[in-house]
Amino acid sequence: MNKTIRRASVFCLLMVLALLVRATWVQGYGAKALADDEHNRRNTIARYAQPLGDIIVAGSPVTGSKGTRGGDLRHKRTYTQGELYAAVTGYSSQAYGATQLEGIHSDVLDGTDDRLKNPKDLITGGQAKPGNVLTTIDPGVQKAAYEALGDDKGAAVAIDPKTGRILGMVSTPSYDPSKISGTTDGDAWRKLLDDPDKPLVNRALRQPLAPGSTFKLVVAAAALENGLYGSVDERTDSPDPYTLPGTSTILRNENASAPCENATLRTALQYSCNNVFAKAAADLGQDKVKEMADAFGFDTEKLDVPVRAAKSVYPTGMDKAQTALTGIGQFEVTATPLQMAMVTSALANGGELAAPHMVSSVTDGDGTVLEEAEDGDTKRVVEEETAEQLRSAMVTVVEKGTGTNAKIAGAEVGGKTGTAQNGVDNSNTPYAWFTSYAKDERGGKEVAVAVIVEDSGSARSEVSGNGLAAPIAQKMMKAALEG
């Protein structure tokens, strides 16, 4: 055989072998990766080949599907009261993917989850009847939060302290997921992306901000748990005004006439005395405050409800002055509304934190349960006596302190206000916070709530937790107790 022909034959043989190896690898090892690739058009076609399963609130679907004309995507997602439930459902878009519950449970909702398939489907690769996602959301609480927030930029979360069920989750400004569910919604999508108020961001879960004086509950818990003070009614060692350790910076109180000098923790919570909690944080030291914060859920990397919440942070590596500032929820402390609701929920539940969750179960199309959340999966955060004392002090805040707008007739209500600095040297409008709990003295229902109003359009002098956030929390708590 001619030498040149022989070389060409060997080269061709090697090329054929390389193609066979590549084809074998693709079939044996790469097929799943290719099938799961987000750019694989076949996945999108399969997702919208039939009506999607539904996300359910109190037995009724808040989602739907409708047929499309033309193209290879036969159905698209629709939403009932889309803006009301957007922070819960997220969106399912033919062009922009899926988020929140729509994204996490997409394989159940579109029928591709293997748990939905019968033996024939598994063999043939056929698509099964879609399943449904049942949420823990109380429509009354959800509506109360959404309507109370109104045009404000902010968020609110409500939790059942005993079970951990999330009863309400709202982020405003909201958006209607129906307007971006198709393939020709580019203008609506760009408008949402360009909006400076970021309506696509779930502020309840994904935007941790300075919690301000609501964080004083965590510091008070640390002071009691570590024996810095024996009770909420023991006088503290707290000069007023208080000079930050190692500096000449004087930390003053919002109300100059409040009885904050050496005040008890009860009085300090009632009047939101900065000097008491800054001094307590400095005396405890950052390690003990962080240990308490982390017990409530701060610094948790994977807090899934099942949507993953952004990490709330208690910082480290601080000097004593910076540690003192964390005692009033400033410096680099950040928290989501979910996190502050968890703090109050644990105190309301005798010091035990029930794992928060907003999906009760996932079912197949016939209602058979595929997975179910465990209500009341708890861990102890503080001793029962500590929780009882702090609840008592929180009731004082609402009855005759800075949180009077949260009162509900016939219910035990405890809370804590917060007004957090925003921007360099507090140059921007402060954040108004309120976190609270309520217990029906007759029916036994309970709820814990956290609300943040980032911007209400109010004058700076009118921004306060009691003025802006407490009325929203009050409406949510009332709806939960009456529901």
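## Packing of helices α7 and α17

In this predicted model, α7 crosses α17 in a right-handed manner; a crossing is right-handed if the near helix is turned clockwise from the far one by less than a right angle, and left-handed if anticlockwise. Helices here are DSSP runs of H or I with at least four residues, strands are runs of E with at least two, and both are numbered from the N terminus. Helix α7 covers residues 139-149 and helix α17 residues 465-482; the angle between them is about 165°, and their axes lie 8 Å apart. Axes are lines fitted to C-alpha atoms, for helices over the stretch in contact, with angles running from 0 to 180 degrees between N-to-C directions. The arrangement is therefore roughly antiparallel, a term for angles over 145 degrees.

On the α7 side, the contact is formed by Gly140, Val141, Ala144, Ala145, Ala148 and Leu149, which meet Ile472, Lys475, Met476, Ala479 and Ala480 of α17. Contact means heavy atoms within 4.5 Å. Nine of the residues in this contact are nonpolar, one is polar and one is charged. Ala, Val, Leu, Ile, Met, Phe, Trp, Tyr, Cys and Pro count as nonpolar, Asp, Glu, Lys and Arg as charged, and the others, Gly among them, as polar.

Lys288 belongs to helix α13, residues 286-296. Its relative accessible area is 37%, so Lys288 is classed as partly exposed (buried means under 20%, exposed over 50%, partly exposed in between, with a 1.4 Å probe and protein chains only).

Leaving aside residues up to four places away in sequence, Lys288 touches Ala222 and Asn226. Ala222 is 66 residues from Lys288 along the chain, with 6.9 Å between their C-alpha atoms.

## Backbone features

One runs from Thr172 to Pro173, with omega near 0°, and Pro173 sits in the loop between β9 (166-172) and α8 (186-194). Another joins Val305 and Pro306, with omega about 5°; Pro306 lies in the loop between β12 (303-304) and β13 (308-309).

Positive phi values occur at Gln100, about 55°, and at Asp299, near 65°; neither residue is a glycine. Gln100 is part of helix α4, residues 100-104, and is buried, with a relative accessible area of 14%. Asp299 is located in the loop between α13 and β12.

## Basis of the values

Residues are numbered from 1 along each chain as its sequence is written, and side-chain values use heavy atoms, with hydrogens and water left out. Local features need pLDDT of at least 70 and side-chain atom pairs count only at pLDDT 80 or more, whereas totals for chains, interfaces and linings use all residues.

Definitions and conventions. Parallel < 35°, antiparallel > 145°, perpendicular 65-115°, else oblique.
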